[in-house]
Amino acid sequence: MRHIPLILFCLLTATISASETTPAAPDPSRVLVLRNGLSPVSCAIADDYARRRSAINVLTIRCQDSALAATDETIAYAAVRRDIEDPLRVWLAAHHGVDIIVLTKGIPIRISDAPGLGLGNCRPSLDSWLAALDYANKSGAVPVRLVDGGFTGNAWANRFWRSEEHFSHARYGGYLVSRLDGYTQADAIALTTRSLAAGAATGTVLLDACPDFGFDIPARQPLDIAGSAVGTNGRVQMGELDFKAWNADLEHAADLLKARGTAAVLDRTGVFAAATTPLAGYASWGSNDKHFSASTYAALRFAPGALCETAVSTSARTFLPTTGGQSLIADLIAQGATGVKGYTDEPLLQAVASPSILFDRWARGWTLVECYFAASRFVAWEDVVIGDPLCQRKPAAH
């Protein structure tokens with residue numbers, strides 16, 4: 001993510017709504033679980049989730065097994081259509097009422113040659129591609145062109161962005177997509193275990209800003225996707241978010257959480273923030289922080305129900321053990337996170353989840369997958385949401 005001035009955004013405030021919707025009760029009938037019949041790991045994770053969440057909608061597909069090697073985490077679009085998208089569309093046409101799709105380790109994470117969407121107009125995450133199913137036929141769907149130096153690509157503006165109403169496919173189009181994944185089968189299954197143990201807010205939400213990037217005005221966050229120039233191809237075109245805006249969004253998140261009675265700490269020091277007790281939530285610049293400490297990152301621990309986000313370009317580039325490169329969300333999963341969002345390739349900063357929306361919705365008792373999607377500006381881009389989509393915390397008393 002490159003640090004350039006903010007352009008092509010209008011300013012909107014994110015405040016506590018006077019008429020908030022009631023938290024949606026987790027409903028497994030709204031969920032479709034995909035299991036890869038050619039991946040023993042995928043089958044084990046999917047079957048465990050369906051059993052413990054009483055999910056009756058399970059579709060077995062057959063595609064390359066991404067649990068075997070990093071090269072298998074990327075899949076050609078022809079194989080996506082044949083092995084995943086076509087059988088999924090057939091199933092969805094015959095079964096109505098599904099709003100959420102759950103993928104599992106063993107199903108690839110990125111598409112190598114998607115037609116016209118993703119980084120380079122060809123490389124979205126599989127998860128975000130599926131989230132945008134039929135967006136092209138949805139009235140009011142807004143195509144977006146992201147441009148920043150050598151990083152360009154096409155996406156759709158997420159119709160659920162900033163929503164104050166709960167999601168349904170019928171209302172918004174597309175689907176909310178999350179994934180049960182991690183370095184190991186045990187890591188992926190542990191996500192469901194932690195989800196089922198999530199209850200009332202316990203612990204502190206740590207929001208670690210990097211002061212080197214500066215701070216915008218917190219009350220203006222998050223910045224919206226409006227007022228941008230429209231190109232000749234009809235796509236809204238925008239450059240990268242200024243880093244000081246995401247710092248300010250972290251500050252705004254802290255203010256909202258405290259107003260809702262949830263313990264939150266905004267760290268504005270020039271040190272990569274550590275935690276001595278399990279956290280209720282976490283957001284930071286990860287390895288993009290000018291003062292990043294790999295040992296401090298590896299020492300973070302999380303209470304059941306904790307959601308995380310890091311402003312790191314390739315934090316979900318792999319879910320297999322590796323060395324080098326930017327910090328990975330797979331480490332946070334292994335360290336106890338219940339939910340986390342990452343990116344298979346460069347997403348640009350405006351694709352990273354808005355901390356103020358993410359943690360505000362979480363404190364209000366929204367489901368995990370709704371929190372992440374309400375906080376995310378795009379679909380058919382680089383995003384990967386990890387965790388049981390039905391995970392829900394009891395709102396703190398305030």
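The model is predicted: local features need pLDDT of at least 70 and side-chain atom pairs count only at pLDDT 80 or more, while totals for chains, interfaces and linings use all residues. Residues are numbered from 1 along each chain as its sequence is written, and side-chain values use heavy atoms, with hydrogens and water left out.

**Cysteines**

A disulfide is a covalent bond between the sulfur atoms of two cysteines. Here the term is applied to a pair of cysteine sulfur atoms within 2.5 Å. The structure holds zero disulfides. For C43, the closest cysteine sulfur belongs to C63 and lies 10 Å away, which is too far for a bond. C308 is likewise in no disulfide, since the nearest cysteine sulfur, in C391, is 12 Å away.

| Residue | Relative accessible area |
|---|---|
| C43 | 13% |
| C308 | 0% |
| V102 | 0% |
| S66 | 4% |

**Two packed helices**

Helices (H or I, at least four residues) and strands (E, at least two) are DSSP runs, numbered from the N terminus. Two packed helices are described by the angle between their axes and the distance between the axes. Axes are lines fitted to C-alpha atoms, for helices over the stretch in contact, and angles run from 0 to 180 degrees between N-to-C directions. Helix α1 (residues 40-53) packs against helix α5 (residues 185-197) at about 10°, and the axes are 9 Å apart.

Contact means heavy atoms within 4.5 Å. On the α1 side, the residues that meet α5 include V41, A44, I45 and D48, and their partners in α5 include Q185, A188, I189 and T192. By class, this contact has seven nonpolar, four polar and three charged residues. Here Ala, Val, Leu, Ile, Met, Phe, Trp, Tyr, Cys and Pro count as nonpolar, Asp, Glu, Lys and Arg as charged, and the others, Gly among them, as polar.

**Covered elements**

Strand β16 (residues 339-343) is mostly covered, with five of its five residues buried. On one side are G339, K341 and Y343, and on the other V340 and G342. Strand β15 (residues 302-310) pairs with β16 in the parallel sense over three bridges; pairing requires that DSSP finds at least two bridges between two strands. Within this arrangement, C308 stands opposite V340 in β16.

Helix α9 (residues 355-363) is also mostly covered: nine of its nine residues are buried. Among the elements that cover them are α6 (243-259), β15 and α10 (368-374). Just after α9, G365 takes a positive phi of about 90°.

V102 is found in strand β4 (residues 100-104). Leaving aside neighbours within four places in sequence, V102 is in contact with residues including V31, L32, Y49 and P389.

S66 is found in the loop between β2 (58-61) and β3 (74-75). S66 and I107 are 41 residues apart in sequence and 5.5 Å apart in space, C-alpha to C-alpha. Again leaving aside neighbours within four places in sequence, the contacts of S66 include D72, G106, I107 and L320.

Technical notes
Buried < 20%, exposed > 50% of the residue type's maximum accessible area, 1.4 Å probe, protein only.
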